[in-house]
Amino acid sequence: MKRFFAWGNRLHNGESSIPFVGKAKLWLMISGALVLLSLLVPLIAGFNFGIAFKGGSQFQVDHVSDTAPAKGEDLVSEVVPGSEPRLTPTSDTAVRIETNQLSDDQMQEVRDALIGGYDVKAEDVTSTFVGPEWGQDVTEKMIRALVIFVGIAMVVMALYFRTWKMSLAAIVGLFVVMIVTTGIYSATGFEITPEAVIGFLTVLSFSLYDTVVVFDKIRENTTRFKDKRDLKFSELVNLGINQTTVRSINTSVVSVLPIASILFIGVFLLGAGTLVDISLSLFIGTIVAAASTLFVASPLYALLRANEPAVKEQEEAVRELRLKNGAEDVPPVIHAEV
């Protein structure tokens, strides 16, 4: 731990440096490959949408002594072959079983089979039906929420930083989080539920927060950059990223640890359910969001400004000054105030 904090201090002081900007094209190429892969995976594997999105029948059985998936799924399959039952424990004494769309008669037959198979009372088994129209409505609302969120984020970021290039870089990083996270869900077969979508939207907010923290430091370093002759503009941006790297890592770890606790407690102690759905999306998204801020949004901002006349002029002036003083064209060690 001491080594970690010492490393963080060296990054903050400029004594050590991770080449976020120096290798920006490499990071963006890797990110682009991950985005492309994340777009291709759903075309092959598809998504495992929950009943709320695709419709179907659902049964909730309480006060059971056995929550093993095989028992409940076999009971349903024996009554209605081809119904593709999927059992999910919601606690240590309750299970939820989802199937394809069933008729009223089939739902009653399944209900009777569950009552007898689990040896529970009739009131312990409840059944609901989700129509495809309702699922379509949920999907449309989810897409609308994403569009509105991204639109508001773009406007707020542009107004806050007073430059569209920071806003664009932040939104590109946000899209990387969205696409890579959904790609992971497709590749792993994790079920996409409304609860998972809620967690996903929360992750987007965290992603923007993390980006704002880093961009704030970058803006602080690059204010009146044209008058600075110790570091080039790109080096000032890279210093800002390095100075906030440990903070981003700490913020992500502090966020991920309780989420991981909820996730694993939900899986191993309480059984999968709403708790797991939302914590799983938060767990995956938070990790992806932290990486996106450091390796996508921040380096991209430096590239977007690299060809500006003022930036090129300042960098050339710094380079000439270094050569004139007989120094190599590399950034000096900067002892910033902690």
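Predicted model: local features only at pLDDT ≥ 70, side-chain atom pairs only at ≥ 80, totals over all residues.

Before I list any partners: I count two strands as paired if DSSP finds at least two bridges between them. With that in place, I looked up serine 57, and its bridge partner in strand 4 is threonine 99.

Entry, the overall layout. I find an open sheet of four strands in the order 3-4-2-5, with antiparallel pairing. Strand 3 (86–91) and strand 5 (125–130) sit at the edges with a single partner strand each, so one side of each has no neighbour in the sheet. I also noted the twist, which averages 20° from one strand to the next.

Entry, strand 2. I went to residues 56–62 next and asked how many of the seven residues in strand 2 are buried. The count is five, so I'm writing strand 2 down as mostly covered, with buried meaning under 20% relative accessible area. Its pairing with strand 4 is antiparallel over six bridges. Six bridges also join strand 2 to strand 5, again antiparallel.

Entry, strands 3 and 4. I see five bridges joining strand 3 to strand 4 (residues 94–99), and the two run antiparallel. Checking across this pairing, I found leucine 87 opposite isoleucine 97 of strand 4.

Entry, what lies across them? Which helix lies across strand 3 and strand 4? I got helix 4 (residues 69–79), which runs at about 135° to strand 3.

Methods
Residues numbered from 1 in each chain as written. Heavy atoms only, no water. Axes fitted to C-alpha atoms, helices over the stretch in contact; angles between N-to-C directions. Contact = heavy atoms within 4.5 Å. Buried < 20%, exposed > 50% of the residue type's maximum accessible area, 1.4 Å probe, protein only.
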